[in-house]
Amino acid sequence: MMKALTSSCSKAMVETLGPFSPRVPLCVSDRPEFCFTIRSKNEKKGWNLLLLKLVRNNDLYPVHAVPPKDQVDLETVEPQAQQSEQTNESKFVRVSFQLQKTCNFGEQFLIVGGGPVLGSWDPLEALPMTWSEGHVWAVELDMPAGQTFQYKFILKGEGGDIIWQPGLDRLIHTWETKNRIVVLEDWENVELQKITEEDQLAEPNEEPQV
């Protein structure tokens, strides 16, 4: 149990601590413990962190203040932390996935892949693609820049059955750009993949400029 120091010896101990005396009630204990306290450096800014070390003396452990090695300036730490958070925020880029493939009436192509943005490989979370002239299926996503994603297309039948795209998983490594990244895919041949950029104002189904 912790007991407050009220005797004359406690007063002498506080005086020996000099400028490192903590501004909190001192205490002793019958077992070794460690305490922390904070002491103001001045009225304007800055704090000192004082470690109160317990040293055994006559089966009690009076506290001793240990001066801090470093000082923390609270006025500069908080803005630096906010700036660090802003710097670490993920940047996103617009990506258009396009697949030219015919299918029967009532069927639909979807895309699924790694990470929450692509449904985490769960067909139930796959993203539906939109048909346009020329049997081009497309979907646009805002994806984190500077990351690599694996994905595949799936064909969903009218009754809910699905067919996975054959071959290896497709890959896309995003990068920072103000333009739209366009990924043109072939259903069967992974080597026919084409990745280009086009202006954000261009229509998704327009032929991108290589």
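**Close-up views of a predicted model**

**View 1. A polar contact between the side chains of Q98 and S96.** The side chains of Q98 and S96 make a polar contact at 3.3 Å; such a contact is a pair of N or O atoms within 3.5 Å, where within protein one must be able to donate a hydrogen and the other to accept it, and residues adjacent in sequence count only if both atoms are side-chain atoms. Q98 belongs to strand β7, which spans residues 92-100. With a relative accessibility of 6%, Q98 is classed as buried (buried is under 20% relative accessible area, exposed over 50%, partly exposed in between, with a 1.4 Å probe and protein chains only). The model is predicted, local features need pLDDT of at least 70, side-chain atom pairs count only at pLDDT 80 or more, and totals for chains, interfaces and linings use all residues. Residues are numbered from 1 along each chain as its sequence is written, and side-chain values use heavy atoms, with hydrogens and water left out.

**View 2. The open sheet that contains β7.** In the order β10-β11-β7-β15-β16, five strands form an open sheet of mixed pairing; two strands pair if DSSP finds at least two bridges between them. Because β10 (130-132) and β16 (194-198) each have a single partner strand, they stand at the edges, and one side of each is left without a neighbour in the sheet. On average, neighbouring strands of this sheet are turned by 30° against each other, direction ignored (axes are lines fitted to C-alpha atoms).

View 3. Strands β10 and β11 (residues 136-144) run antiparallel and are joined by three bridges. Within this pairing, T130 is placed opposite A138 of β11.

View 4. K194 is located in strand β16 and is exposed, its relative accessible area being 54%. Beyond its neighbours within four places in sequence, K194 is in contact with V182, V183 and L184 (contact means heavy atoms within 4.5 Å). Between K194 and V182, the C-alpha to C-alpha distance is 8.0 Å, at a separation of twelve residues in sequence.

**View 5. The chain as a whole.** Two helices and 16 strands are assigned in the chain; these are DSSP runs, numbered from the N terminus, with at least four residues for helices (H or I) and at least two for strands (E). Of the 210 residues in the chain, 30% are buried. Among contacts between residues at least 6 apart in sequence, 52% join residues at least 24 apart.

Methods. Axes fitted to C-alpha atoms, helices over the stretch in contact; angles between N-to-C directions.
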